[in-house]
Amino acid sequence: MRRGAAWVGAALAPAALLAASPGATTFERGIEISRPGKVVLILDREIYERARPDLGDLRVVDDTGTAVPYLLDRVGPEPEPVFREPLARNRGFVRGRSASVTLDLGEPVLKSELVLSLPGDNFRRRVKVEGRTKHERQWTMITDGAYVFALPEPAATRYETILLPQNNLQFLKITVFNGPDDPPRLEILDAWVRPQGGRKPREHPMEPRLTRAEDAAEGETRLVLDLGARHQPFRAVLLDVADPEFFRGATVEQRREPSLDAEGEGGVPISWAPVLGQASLYRFQAEGETRECLRLEAAGRARVLRVRIRNRDDRPLDLRGVTVMVPQERLVFEAVAPHRYRLTYGDADLEAPVYDVERTVGDAGLWIAQAVEGRWQPPAARTGDGPLLPWTERHPAVLWMGLVAAVGLLAGVTWRALQ
């Protein structure tokens, strides 16, 4: 009963009474449904290209023009990095071999990133990270194949961030092993972790359109990746490299789309904004095993990315391919027989809808798991004067005039009855 009330209340949300902009081009797509009930659809490139970045212009409507509430399972914007400094305990070292420290976060903290501060400006050191809960005595291995690096002048660079499998363990035991030219005594100066707000979304691979260029003067390889849609979400870039051993620094940038002036000519020229500032790509043999890192953790929404690989004085890498990992975002609604449904989008002036289902559904993952998958039909473009949006959204004034007339008529009938 409570869920039914939520659906009715959501259908009367104020955003449903907004009209499309006159003359504006908007879009619609029919939805194929196998049976009534909860229906889930995966957002695709067409929607990311035509809809707004915030997806607040999405509307599900039935064949009577009634707005249908929906739940949008999407990836939110990446928050600014906030690092937490745990309490450091049990610092120690084994001369000529390693240094260690135990970190106490005070409580279980969801995390997948560790940052170290180490002495020296020219090193390559292996890092082992173990973890346990407050009630466990035995340590669990999290990673034993991570590496940190520092490169001296010119173009001095440090890579002291370690990516971990996502975990919420309260205690971390960090061991940093001496590199080939390190002094006998090594020390871990400081350490931080970056808490996460929620679980990582499920990802799937995308093959972007790749353009490669070599800048010999800067000693860089530049990879331009076209993801195919203006607001395509992305989570990481994976490189397929043939070289048996290498070490490179890398950054990831996203293109700022050029604006147009009143005549439709290009205004601000194309520029690039950083997404991932400092990262490392490497592969080498250590202790009889291959150690490598070929994933660049970069998240955001854009059509075009640029990866800059710093070769310094080495030859460019033998790159076999690039894959972009993108999150799976879903739209879920309740279909009722015998209605047909479609999605409308592309109106820049609509306010984002607010539906009760977002707050009353409970476990969203379980709710979505009960849905059957629908299919998108090909998109169709409409002008603001066409029959794209529901009738109530295109003629709010007529709707309210009708309601006022109905109330007046009812009042007149009541007055006659009383007389």
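Trainee: Why is Gln-232 called buried?

Mentor: This is a predicted model, and in it Gln-232 has a relative accessible area of 3%. Buried means under 20%, so Gln-232 with its 3% is classed as buried. The residue sits in the loop between strand E17 (220-226) and strand E18 (233-241).

Trainee: Which residues does Gln-232 touch, not counting residues up to four places away in sequence?

Mentor: Gln-232 touches Arg-45, Tyr-48, Met-206, Leu-227, Gly-300, Arg-301, Ala-302 and Val-326, and a contact here stands for heavy atoms within 4.5 Å.

Trainee: What makes E18 count as mostly covered?

Mentor: Seven of the nine residues of E18 are buried, each of them therefore falling under 20% relative accessible area. For the protein as a whole, 44% of the 419 residues count as buried.

Trainee: Why is Met-325 buried?

Mentor: Met-325, which lies in strand E24 (residues 319-327), has 12% relative accessibility, and since the limit for buried is under 20%, the residue counts as buried.

Trainee: What surrounds Met-325, leaving aside its neighbours within four places in sequence?

Mentor: Met-325 is in contact with Glu-203, His-204, Pro-205, Phe-234, Arg-235, Ala-236, Leu-238 and Arg-295. Across the protein, among contacts between residues at least 6 apart in sequence, 79% join residues at least 24 apart.

Trainee: Why are strand E12 (161-167) and strand E14 (190-195) said to stand at the edges of their sheet?

Mentor: Three strands form that open sheet in the order E12-E8-E14, with antiparallel pairing. E12 and E14 each have a single partner strand, so one side of each is left without a neighbour in the sheet. Neighbouring strands of this sheet are turned by 25° against each other on average, direction ignored.

Trainee: How do you know that E8 and E12 pair?

Mentor: Strand E8 (residues 111-117) is joined to E12 by four bridges, running antiparallel; the requirement is at least two, so the two strands are a pair. Leu-114 stands opposite Ile-162 in E12.

Trainee: What makes up the lining of the second largest pocket?

Mentor: That pocket has a volume of about 370 Å³ and is lined by 17 residues, of which Leu-151, Ala-155, Arg-310, Asn-311 and Arg-312 lie nearest its centre. Strand E11 (157-159) and strand E19 (246-256) are the elements that give two or more residues to the lining, and E19 gives the most, with three. By residue class, the lining divides into five nonpolar, five polar and seven charged.

How values were computed. Residues numbered from 1 in each chain as written. Predicted model: local features only at pLDDT ≥ 70, side-chain atom pairs only at ≥ 80, totals over all residues. Heavy atoms only, no water. Buried < 20%, exposed > 50% of the residue type's maximum accessible area, 1.4 Å probe, protein only. 1 Å grid on protein atoms, 1.4 Å probe; cavity = no way out; pocket = protein on both sides within 12 Å on 5 of 7 lines; lining within 4 Å. Points joined across faces, edges and corners; volume = space filled by probe spheres on them. Nonpolar A, V, L, I, M, F, W, Y, C, P; charged D, E, K, R; others polar. Axes fitted to C-alpha atoms, helices over the stretch in contact; angles between N-to-C directions.
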